[in-house]
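Me: Please discuss the overall architecture of the protein shown here, in questions and answers.

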Amino acid sequence: MPPETAPAATVTGLYRGTFSGLEPLTKETPLSLEEVRRNPVFYELDLGDTPGEADLIIDVIYDNMQPQRLTDLMRGTDIPRGVRFWPDWFEVPPYREMRDVTGRRVYPRAPGIHTVRFRTGRRKRPGLARDFSPANGGYTSPLFEFAISGEP
C-alpha cells in the first residue's frame, strides 16, 4: 500500500491513568464515577509508517454522538520526532443527557457500557476543512467499549 493512502495513525487501545501508570480499560475494568469526573481516558496512537512527517487531526465519537474535535497534534512540538506510539486523552462529555446523531437520548456519564471510536488523518494547513479521506491518511478505529460503574 503506498504511503499516501496508509493511515496517518491508528488507535490501538484505551487506558486509565493510575498512580502506577496506564492500565488497559475494558468492560471488565470499569471506571468509577469519581474517575470519570476527575480523570481523562487515554488512548494510544500508532503513528503509522511515516511518523516523522505527519501532523495529525483526530476526532472522537463517543456513544454515537457527533464527532468531537480533539487538539491537532503537530510533529516536532506536540509529538517529538521519532516517536512511534503516543498516548493522548479525551474526557467523557460532562453532561447528564445528550442526543446522538440519530436523535436518541444518551447519558454520557451514566453507569453502564459506553462506546468510543476515533477518526484520524493528516493535518493540512490551518483553516482548511478537516479531511479524513483515505487519500489523506484517514482512518476510523474499530468500536472500543468500556464501562462506568455505579460506585463512587
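This is a predicted model: local features need pLDDT of at least 70, side-chain atom pairs count only at pLDDT 80 or more; totals for chains, interfaces and linings use all residues.

Residues are numbered from 1 along each chain as its sequence is written, and side-chain values use heavy atoms, with hydrogens and water left out.

Me: Which pattern does the protein follow along the sequence?
Reply: Helices (H or I, at least four residues) and strands (E, at least two) are DSSP runs, numbered from the N terminus. The protein has one helix and eleven strands. Read in order, they give β-β-α-β-β-β-β-β-β-β-β-β.

Me: What is the radius of gyration of the protein?
Reply: This radius is taken over C-alpha atoms, and the globule rule is 2.2 Å times the number of residues to the power 0.38. For 152 residues the rule gives 15 Å, and the protein lies close to that value, so it is as compact as a globular protein of that length; its radius of gyration is 16 Å.

Me: What percentage of the residues is buried?
Reply: Buried means under 20% relative accessible area (1.4 Å probe, protein chains only), exposed over 50%, and partly exposed in between. Of the 152 residues in the protein, the buried share is 40%.

Me: Where is confidence highest in the protein?
Reply: The predictor's confidence in each residue, pLDDT, runs from 0 to 100, and the protein averages 86. Strand 6 (residues 85–90) has the lowest mean, 89. The highest, 95, belongs to strand 11 (residues 144–148).
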